[in-house]
Amino acid sequence: MSKPESTPRSTPRSTPRSTPPSAAVGRARGEARLTFALWLAIMVTLPPLLRVVEPGAWIPGVAALTAVTLAVGFVLRRRRMPAVAVTLVQVAVWAIGVTVGFFSGQALFGFLPTGGVLAQVPLAVQTASDEILQGIAPIAATDAISFVIVAGVGLLAVALDHVVLTARMPLLAGAALIAVWLIPAISVPAGVDVALFALLAASLLFLIRAENRTRETPTAGPGRAGVGAVATAIGAVAIVGALVIAPTLPAPTVAAIGPGVAARIDPSLDLGNDLRRREDLPVLTMRSDAPQLPYLRVTTLSMFDGEVWMPDRMRSVPLDDSTLEPVAVGDGIRLEEYRTTVAVSQLSSMYLPIPYPAVAVDGLEGMWRSVPYSRTILSANTSSEGQEYAVTAQVAQPTLEQIRASSATIDEDRIDVYAVPEGTPAIIGDLAREVTADAATDYDKLIALQSWFRGSEFTYSLTAPVEEGFDDTGVDAVAAFLQEKEGYCIHYAGAFALMARTLGMPSRIVVGFLPGERTGDTVDGQQVAQVTTSQLHAWPEVNFAGIGWVAFEPTKSLGFATRFSSAATASEDAPGEAATPTPTAPVPTSEASRPADAPEDRPNDAAGATAQRVDPRPQLALAAAIVLIVSVPGLVGLARRRVLRRRGTVGAAWRIVQDAAIDLGAPVGAAASPRVFGALLTGQWGAPAAETSRLVAAMEHVNYARAAGETRRTDEGARARAAQAIADAETIRRAMFAQLDTAGRVRARLAPRSLVVRPGSALADRDATA
C-alpha cells in the first residue's frame, strides 16, 4: 500500500498525522511563547504615547483587552478552528470588551453592542479629535481619548495576531509596531529615548525569534543555537547603527538642497547645521506698508526644561474672520495697523510665516487653524508652499515713557513663562543682575541686556559653538556662551530669554525669518523683499502689561535693535540710547553703528558660512546608512543560509533549495511532493538533474523512513546522506541563480523574498515572475 506524499517537514504542513505527545506539547509551548511575545511587543509601543496623553485607565485597558484577544486566538487555534473563524471571534471579543469598558450603559445586558452603542462611537471619535486639536501635550486621558486608544490598539492586536500567528510574517508585524512607536515622536518632537528604543528592538527580536522557534523540531540537528546568535548579532548591529549613525545624518530642520526643492521647517532651535549650509534657497517674497519690513514668525517656544526650548502646544481653532481678535492695549497706548503681503515659493511647512500680532489673514487656500495664544497659523494637512496671502497686524506703539512706566509681567498662567530650571548655572543670573544694575525700569534693564549683547564684548560666530561644544540651547550651553562670548542667534536669544527670567520677567523665544533683502521691484508702490533659508532666525520676546509681547534683538550685527522714542524731545531719551526718527518703531542697526568685528556683507545669520569648507561627514554618513539599509535583507538571508548549512540535515538542505526557489520567483506550493517539485526545478529553473534527483531521494527517505533517518546521529549513513544533501543543495542553488541575468541575481541576493514568504504559503504558491 502506497503512502501519501508529504511536503518537507520544514513547513507546517509536513507534520506527520501521528504527532508524538512531546512534539505536540513543544508546539503548544512555542505558540504560547509567540503569543506572549506579540503581546509584549504591542505593550512596548505604548510608553512613547505618554508624551501625548497623560497616564490613565487606558493603560490597563489596553493591556487587558489585547491579552484577552490574543489568548482567545491561541485557544481557538489549538482547537484547530479555521483562521478566518479565529479572527472573527477575536473581533467579537474586541467589540464586547470595548462595549463593556466605554458603552455599557447603552449595551444590551451591559456587554452586547446595540444601535445606541454604534451611534456613540462616531461621537466619541469626534470628541477625541477635538480634544487632541485643542489640547496641550500631554493631553488629559478623557473617556473619549481613552476609547480611541484602547479600541485602536485592540484592533491592531487582532490584525497582528493574524499576521504573526496565521500568516507567519513577524517582520511585517514589526514594521507596523515601529510605525506605531514613531507616531508620538512625530506628534511631539523630542530627543531619542535610547532605553525605550532598545526595549522596542529587543521585543521585536524576541518576537521574530519566538516565531522562528515554532518552526524548529527537536531533531533539527546541530546549530539550533545559531539562530539566536544570528538574530542577536543583527539586532545589535541595527541598534548601534540607529544610535551611532543616525545622529550624524543631516538635520531635517531646513533641507535646502537646490533650486526647485522646497525647504522645510522644524519648529525648534536646532538651527546650527542649517545656518552653516552653503546653499541659500529663496523661500518667499514679501512687501508691506509698515515703516520697516516686519520679522516673520513661524512659532513660539515658551516651555524650557533646562535642556530644550519646546514649541508651544496650545489650543488651536479653525481660521476664519472672527478667529484673530483685535489687539487689546492699555489706555493711551497707540495702535498702528499694517498690511503685509507674503508669497511663499519654496517653503513646505505646516506653519505659516506671518508678522506679529496678526488680526486677519486673507487669501489662504486649504484648511488652516490659528493659535490664539501666540497668533500663529498652522495646518495639519495643507502646506505653506505656493500660498499667497495678506496679513493685517495691529502693532502696539508705546512711547518711551509709557513702556518705562509698564512692568514686564503677564496675568495668563496657561504656560509658565517665568520658570528658571533647577540647576541653572549661577553665572547666568549673576551676569543679568550685573549688566542691569544701573537700570531703573524693566524696559531699561532689557535695553541694557540688548546693548550688552550687541556691544564689543561679543562676536557673531557660526563655528565657535561647534568647536567649543555648546551648539544647543540648554542652561550649560548658555553658561558656556556667556563665558566664550561667541555664538549665533540661538545663543543670543536663549541667553537673553533666560537672563530675563532670572530677573523675574516673562519671556519666550520666537523662531522665524528676518525681513530679507529688497529686490528693487515694487508692487502697488511697495518695495518687494526676498527671504531665503539663510535668514532663518530666532529672537526673544518679553511681555509688558498693557502693551503685550515686545520683541528684542540681542544678536550682534543682525536685524533691528529695539528702542522706543520719547513723546517729547530726543533729549529726554535714556542715556546711551539713540533718538529715533519714528517715535515707536524698532530701528535697524545702521552701518555707522555696526561693530568693527562684524562682517560688512553679512545681512543675516547664515552669512559667513559660505567661506567655510564643506563637511563631507553628513554625506558620507548618509551614504553609509543607505548602503547598510540596502544590505540588511541580503545579509540576513546569508546568515540564515549559513545557519541551515550548520544544522547539517536533509531538511535544512531542502529548505535551502526552497528558499532559493522563492527568491527566484518559482512557485513552492504546499501540495507538491518532493519529486514533483524537483521536476519543476530541473525542467524550468535550471537545476542540475543528478544533484536534484539525489536530494529528492534523500528527502523522500526522511519523510517515509523517519525512524531510520537523520534523527539517529549514530547512523553514519544518515550523517553522510545529510552532508551530501547540503552539498547538493548548494550546487542546485548556484545553478539556478546562474540562469538569471546580472540584474536578476543582484535583486534576488539583495532582497530575498524568502525572508518574508514561507514555503507552502499563499504567496509562495504562485510564480512571482508571472
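A: Happy to. Let us begin with an open sheet of six strands, whose order is 7-10-5-1-15-14 and whose pairing is antiparallel. At its edges are strand 7 (358-362) and strand 14 (517-523), each of which pairs on one side only. On average, and with direction ignored, neighbouring strands of this sheet are turned by 25° against each other. Please keep in mind that this is a predicted model.

Strand 14 is joined to strand 15 (residues 526-532) by four bridges, and the two run antiparallel. To find your place there, pick out Arg 518, which stands opposite Ala 529 in strand 15.

Next, follow the chain to strand 16. Is this strand enclosed or open to the outside, and why? Nine of the nine residues of strand 16 (residues 536-544) are buried, so this strand is largely enclosed by the rest of the structure. In strand 16, Leu 536, Ala 538, Pro 540, Val 542 and Phe 544 point one way. His 537, Trp 539, Glu 541 and Asn 543 point the other way, and the residues of both sets are all buried.

Which strands pair with strand 16? One is strand 13 (residues 507-513), which runs antiparallel to strand 16 and is joined to it by seven bridges. Within this pairing, Val 511 has Ala 538 of strand 16 as its bridge partner. Another is strand 17 (residues 548-551), which pairs with strand 16 in the antiparallel sense over four bridges. Here Asn 543 stands opposite Trp 549 in strand 17. Strands 16 and 17 form a hairpin with three residues between them, and Gly 546 in the turn has a positive phi of about 80°.

Arg 80 lies in the loop between helix 2 (58-78) and helix 3 (83-102). Although Arg 80 is not a glycine, it has a positive phi of about 60°. Its relative accessible area is 72%, so Arg 80 is exposed. Phe 109, in the loop between helix 3 and helix 4 (115-134), likewise has a positive phi of about 60° without being a glycine. Phe 109 counts as exposed because its relative accessibility is 68%, and the cut-off for exposed is over 50%.

Finally, let us turn to a pair of helices. Helix 17 (residues 650-664) packs against helix 20 (residues 716-738) at an angle of about 10°, with their axes 7 Å apart. That angle makes helix 17 roughly parallel to helix 20. Among the residues of helix 17 in this contact are Val 650, Ile 656, Val 657 and Leu 664. On the side of helix 20, they include Ile 726, Ile 732, Met 736 and Phe 737. Sorted by class, the contact has 15 nonpolar, no polar and four charged residues. The residues taking part include Asp 663 in helix 17, and Arg 721, Glu 730 and Arg 733 in helix 20.

Definitions and conventions. Residues numbered from 1 in each chain as written. Predicted model: local features only at pLDDT ≥ 70, side-chain atom pairs only at ≥ 80, totals over all residues. Heavy atoms only, no water. Axes fitted to C-alpha atoms, helices over the stretch in contact; angles between N-to-C directions. Parallel < 35°, antiparallel > 145°, perpendicular 65-115°, else oblique. Contact = heavy atoms within 4.5 Å. Nonpolar A, V, L, I, M, F, W, Y, C, P; charged D, E, K, R; others polar. Buried < 20%, exposed > 50% of the residue type's maximum accessible area, 1.4 Å probe, protein only. Pairing = 2+ DSSP bridges.
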